[in-house]
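Here's a quick look at one chain, from its overall build down to a spot on its surface. Have the sequence and structure open as you read.

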Amino acid sequence: MANEITIIDDFGQKFGLSIMTDDVQLKQLDNTTFEDLVYLIKYLKNGIKKTDAELKSRLDNGAQFKHISYGESKTQSLAQDDEKIKKAFVKKYGWAAVEVKSPTKLKKEFGTEIQDDLDKVVVYGTQKRVKYE
């Protein structure tokens, strides 16, 4: 594309943003070039996250921008851990209608004394995570 935002790394290597959305172009990159692109994207994500946080902070403090403002959207949620609601749902729909909190949330709510009970039921697993060095 002629008018495309281009990322240029420390070595002068250019990456157009369209390469990130084109499966064919991504597959054609050798591993070294692809790794360079991945690191650039990682740094961009960090910059985007910080910029987004600063924008929200400014909007929260009353700053006004010509083309940016807060909008409103509706959300749905159940009342906070209401025991009556839980009992009514369990009675009508069974135990599948309620969810046990994560071990971390349970420890936060009930303290360390719940650890003995958690040790009896917690299942440990592993997951793959991308590691940047």
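This is a predicted model: local features need pLDDT of at least 70, side-chain atom pairs count only at pLDDT 80 or more; totals for chains, interfaces and linings use all residues.

Starting with the fold, the chain has five helices and two strands. Walk along from the N terminus and the order of elements is β-β-α-α-α-α-α. With a radius of gyration of 24 Å, well over the 14 Å from the globule rule for 133 residues, the chain is more spread out than a compact globule.

How big a box do the C-alpha atoms fill? Along the principal axes, the box is roughly 65 × 45 × 30 Å. Here are the other whole-chain numbers side by side:

| Property of the chain | Value |
|---|---|
| Buried residues, out of the 133 residues | 11% |
| Contacts between residues 24 or more positions apart, out of those with a separation of 6 or more | 15% |
| Accessible surface | about 12700 Å² |
| Part of the accessible surface that belongs to carbon and sulfur atoms | 53% |

Now for the surface. Which residues form a nonpolar patch there? They are I85, F89 and Y93, and together they have about 280 Å² of accessible area. Take Y93 from that trio: Y93 sits in helix α3, which covers residues 83-93. Is Y93 buried or exposed? Its relative accessible area is 53%, and exposed means over 50%, so Y93 counts as exposed.

Definitions and conventions:
Residues are numbered from 1 along each chain as its sequence is written. Side-chain values use heavy atoms; hydrogens and water are left out. Patches are made of residues with over 30% relative accessible area and no salt bridge: like charges are joined within 9 Å, nonpolar side chains (Val, Leu, Ile, Met, Phe, Trp, Tyr) within 5 Å. Accessible areas come from the Shrake-Rupley method with a 1.4 Å probe; for residues, only the protein chains shown count as cover. A salt bridge is a side-chain nitrogen of Lys or Arg within 4 Å of a carboxyl oxygen of Asp or Glu. Helices (H or I, at least four residues) and strands (E, at least two) are DSSP runs, numbered from the N terminus. Buried means under 20% relative accessible area, exposed over 50%, partly exposed in between (1.4 Å probe, protein chains only). The radius of gyration is taken over C-alpha atoms; the globule rule is 2.2 Å times the number of residues to the power 0.38. Contact means heavy atoms within 4.5 Å.
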